[in-house]
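Hi everyone, thanks for making time for this.

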2 protein chains.
Amino acid sequence: ARQSELCGESREITITPDCVCTQMLESSNLVTFNGLANSSSYDTFLLDEERGRLLVGAEDHIFSFDLVNINRDHKQKECTNFIRVLQPYNQTHLYICGTGAFHPICAFLEMGKRAEDNIFRLASHFENGRGKSPYDPKMLSASLLIEKFTFASGTGHLFLTIFFSLADGELYSGTSADFMGRDFAIFRTLGDHHPIRTEQHDSRWLNDPRFIGVNLIPESDNPEDDKIFLFFKENAMDGEHTGKATIARIGQLCKNDMGGHRSLVNKWTTFLKARLMCSVPGVNGIDTHFDELQDVFLMSSKDPKNPVIYAVFTTSSNIFKGSAVCMYNMADIRRVFLGPYAHRDGPNYQWVPFQGRVPYPRPGTCPSKTFGGFDSTKDLPDDVITFARGHPAMYNPVHPIGGRPIMVRTDVDYQFSQLVVDRVEAEDGQYDVMFIGTDMGTVLKVVTIPRESWHDLEEVVLEEMTVFREPTPITAMELSTKQKIPNWTTHRNIKFLRPPSFFDSHSNSCTLA
Amino acid sequence: ARQSELCGESREITITPDCVCTQMLESSNLVTFNGLANSSSYDTFLLDEERGRLLVGAEDHIFSFDLVNINRDHKQKECTNFIRVLQPYNQTHLYICGTGAFHPICAFLEMGKRAEDNIFRLASHFENGRGKSPYDPKMLSASLLIEKFTFASGTGHLFLTIFFSLADGELYSGTSADFMGRDFAIFRTLGDHHPIRTEQHDSRWLNDPRFIGVNLIPESDNPEDDKIFLFFKENAMDGEHTGKATIARIGQLCKNDMGGHRSLVNKWTTFLKARLMCSVPGVNGIDTHFDELQDVFLMSSKDPKNPVIYAVFTTSSNIFKGSAVCMYNMADIRRVFLGPYAHRDGPNYQWVPFQGRVPYPRPGTCPSKTFGGFDSTKDLPDDVITFARGHPAMYNPVHPIGGRPIMVRTDVDYQFSQLVVDRVEAEDGQYDVMFIGTDMGTVLKVVTIPRESWHDLEEVVLEEMTVFREPTPITAMELSTKQKIPNWTTHRNIKFLRPPSFFDSHSNSCTLA
């Protein structure tokens, strides 16, 4: 009876692929903004719930749309730029960055305090955007925005994704910092401190990374322990995999990392990364891996320290195309970062779990009164810094909840590209409803239902919506928590979808095949 | 016009999947022997072209069928055994082995010299079958027969395949030699010499191997250089692959290997193995591998030293099921065995190409007047023996002709299981016609046509034949070179197919969809 309620009808529905509603969205639910003739690359989103606006960064333009009535008015600003950053800076200003002409620049955009202020004014003073925006707009396409207190947005692409997190007035960005797009790094800029970055030209730290997302997740009730988590994919490290392979990663940094004193000066001393595993166990012990991380969505719970992490993956093969969604919990992630470091004695060695003495304080721990007796990463002993520099990777991977994906799709002509998740209250409990965007311009509305336990989930596809008439990849999706308006975009045009709320109406109900 | 001739019709055919004839074979072409109620496991074939008989080993019975008129008569012998070996021993006798009751035994079967002799008599004296037949009949299913002077047959299964090659009165077998099925080895038994085998309990030599086939291939015009080549799959060696994986192998042995003198006594001193690669290159540099070797067919050419090797592979994944056919040539195989040995300094090291001094004579070389100045492997210096024991694997894999499979099948409900290849003369030249058996009881008739060169082949499926009404895996296929009668079998029953010859009749022609 569960599914029938979710499908908006009262009769019993068996859990089969029949319960899929394939429909072209009606025009009443869909507002299309086809963009300007002289602009493109509508990739960077900022959902400004406070002022009820949706900001879109594009080529040479910033657009501001009214969220309540998107048709009513939209404003635009010219800026001779591919806009790659749109970040709330303070109560009245946004911070924006763009590629310039292969010369990244940033500036402040005044928005006013409230919607009624109706201000949309670009400051005349520009700042250097190196380490904030990439140089090459062609390398970018997707964008990601994380909710308040962890402001982040991103623009991405097959080869490079960039994202930003503005926490306490500091901008975290994973980007390339040179003209050639070879010096990839995770930067922290703005704020009062010297910029901090990852070790340069060390493939153990980052090996041709493509960044997907960044989030601040508190570790304890003490803000000193706050950590920044980064989601990216990169090439396998030398000796990590047979042949060339993509590895999905979760990285961590301490928000209060100030770099080292004698060594790793202005470099992260608390950076660690672990493999994000999303694979289906094989009967013969040979697993099927989904390694091409495409998107990440954090579903916050009552406890801000423990969001559930949803991640969308595809296969690396051009012969076998498939997609999977995996769920991770923070307890498993923290256990991996507290587990053995990956270690090898030299270039011809295998990576093994480090068995020796780990220096104190354990690399990766934030300077705080909670866990350790040191005040700043600049006080870290030399042996800790030396160990941290040589051991950025953990030995164990992070396995998904239940040890397998909650959803796998093969033998279809599309692959998953984006994901937003909405937690809804149904009569018989709480459900996470996934909206999964595909590279063919469709959106799947999927709910997972526990079969026996929460470790054995069953997926039910409620709807399959064709959002774009011509097949075009969905490169960004946002879910407005206030207005329940999922928005998605592609390179070509922007469409805003406004379905009715999910369970109180028959107008969007499931038509059984 | 090429395809039209091959399809047996005169009109032009475009090379598309439409040119597939799916048909249930007519009863006039198909003779079915449904077996005895009290027997099963019709897995071991011997095509005795001399006497015009097809011998089939099964549970407790050996059957002998008349090849010309299979319906005419069949004889049978009882033997309380699962027959796993059926080998021509000399002009009048076959050598047969079976599992016994987990106690392998062998005996001679008198057949007479000519068909007219009409003899079919089992000797009363039994020999120990250890190292010749496995103990457990459940572990076996496929069988393979190689043509005269290299007599080999096999019975196989998911977990273990066994095969035998009787050359100059010696039986080469890859099997398990203990009750528990843990001591896997390649044996040489019979003949005048002490039995020789692979090093025991050394996972570098063999790591849970499943044998597919064995062949004698001359290296030069001097029989002293003759080599036995083995085809098998096994688990990846420690450090060879990330996670558990199956690796397809080609192994080599010298026919005149007599073992070592002080070390490797009664063990092979010339055993080497290399990875058989069958993968599709990816645009991102990440290849899609087919590693589950299923069957091998040697297409002999005018030069007996250089047959073309056809191999059928499937994927190891239970999510992405696919099949591929790869072709290899002996020049590439010999180059790999003359290339660097795989080496590692210890358990935590990676496998690297051995860079040091290789002792003389190079391990893997046969004692012969052609290449070296030594008479027997018992004369090999200690450093050669020590090196051979520690370096059974080559560093480089054998890549297929053209660097990719000649045929790949995905998104179908079957996988390839068996292969025979027939070389036929068409008006415009010579073609290799593949008969590919599947795990669903169908047989594909496929021809590959060069597009630009012999390194760029295009497959054309001429027919898709349903051999078994109920889907049942094809576990053995033989092609009679004299009578052009492909035979195939499954666990349940035996069917003999007698299609008309391939290009001189319209009765089996291609019906265009």
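First, some housekeeping. This is a predicted model, so to speak of local features we need pLDDT of at least 70, side-chain atom pairs count only at pLDDT 80 or more, and totals for chains, interfaces and linings use all residues. Residues are numbered from 1 along each chain as its sequence is written, chains are lettered from A and ligands numbered from 1 in the order in which they are written, and side-chain values use heavy atoms, with hydrogens and water left out.

Let's start at the interface. Here 35 residues of chain B are in contact with 35 residues of chain A, where contact means heavy atoms within 4.5 Å. Together the chains bury about 2600 Å², with 56% of that on carbon and sulfur atoms. Buried area is the accessible area (1.4 Å probe) that two parts lose on being put together, summed over both. Three residues, Ile286(B), Phe320(B) and Gln350(B), supply 26% of the area that chain B buries against chain A, more than any other three residues.

How many salt bridges cross between chain B and chain A? The rule finds zero; a salt bridge would need a side-chain nitrogen of Lys or Arg within 4 Å of a carboxyl oxygen of Asp or Glu.

Now to chain B's sheet. Four strands form an open sheet in the order S16-S17-S18-S19, with antiparallel pairing. Strands here are DSSP runs (E, at least two residues), numbered from the N terminus, and two of them pair if DSSP finds at least two bridges between them. S16 (210-217) and S19 (272-275) of chain B stand at the edges with a single partner strand each, so one side of each has no neighbour in the sheet.

S22(A) and S23 (residues 308-314) of chain A pair over seven bridges, and Leu298(A) stands opposite Ile309(A) in S23(A).
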